[in-house]
Amino acid sequence: MDNINNKLPSIKQLQCFLAVAQELNFRRAAERLHMTQPPLTRHIKCLEETLGCDLFTRNTHEVHLTNNGLILVEKATHLINEFTLFMREIKNEEVYLRIGLTCTLNFNNISDLHNKIKALMTRDEIDTPHLVSSQLLHFLAKGKMDIVIIGEKSLHNEHDLKFYWLYREPLLLAMPSSHPASLKEKVSLTEVSDLPLFWFSRNANPIFYDKCENYFQQLPFSLKRCKEPDDSLVMLSDISRGKGMALMPRSICISNQKGLCYRELDDVAAQSLNIDVYAVIRKSETREIVINSLNSLLNNKEN
């Protein structure tokens, strides 16, 4: 009965403590927890009063863990992980690994990653939904997925998520086979400057959009653009009829139409026009099944 009457820290206080301990910044920790700074500070103060010791030393510029704070990091992490495991057990989720794959790429055509993903999928309980990267990151941050593989690193989720580079996917130029530049193995955009580029809105993928636009702005000519159709088959049909060109991930360049061909970009363009692929987990993730799966994806990754 004595244990019941003792004043113990709450789970919320421990979660707030761990966020500050990881960020060593109250503002960033508050943003990560989707709360304002004053209630976060109150949670930490109440926790320190409950324990009867300071957990942080702080001034106007820096936050540091005390020795007691360092000890609590390990104990609080263990307690929260145990409680999370219990919650998963009562929901029958204890061995359920949820992996999300971006639909932008065809992983069946990326041999190194395909084999590693296939090895993870030998267990029947693994899910692999295919969504766009922004959707995958949203579900991961909400705890609805455990690992996601996306194209390009998001700048909006860095407080909650950890990004691990896996692979660089080249872009190929989908172009009319009737164009003179199609006779070359590698094509520069200067050689196809007469063709408009089927292009998309920045809202669809800001990081990738900006990456490409930075290169386009260095070209010695103004690149013509036209709106990318919602249906990629319609776009490829238009390209086969000489109406334009498109930059496409190599792994999805599989459609064969009369009048259509795919060409590699010249070496200079290829250095800038590509997709960096990342595996992403939550910063708070410590479950063995997730960490082992991440390590298997990172093992012997291509440079």
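The accessible surface of this protein comes to about 17,000 Å², and 51% of that belongs to carbon and sulfur atoms. Accessible areas here come from the Shrake-Rupley method with a 1.4 Å probe, and for residues only the protein chains shown count as cover. A word on the source. This is a predicted model, where local features need pLDDT of at least 70 and side-chain atom pairs count only at pLDDT 80 or more, while totals for chains, interfaces and linings use all residues. Residues are numbered from 1 along each chain as its sequence is written, and side-chain values use heavy atoms, leaving out hydrogens and water.

Next, burial. Of the 303 residues, 41% count as buried. Buried means under 20% relative accessible area, exposed means over 50%, and partly exposed is in between (1.4 Å probe, protein chains only).

Now the fold. The protein has eleven helices and twelve strands. These are DSSP runs, numbered from the N terminus: helices are H or I with at least four residues, strands are E with at least two.

Most residues other than glycine have a negative phi. What is phi of Leu24 near? Phi of Leu24 is near 50 degrees, a positive value. Leu24 sits in the loop between helix H2 (11-23) and helix H3 (26-32). Leu24 is partly exposed, at 36% relative accessibility.

His34 also has a positive phi, near 55 degrees. His34 lies in the loop between H3 and helix H4 (37-51). Is His34 buried or exposed? His34 is exposed, with a relative accessible area of 68%.
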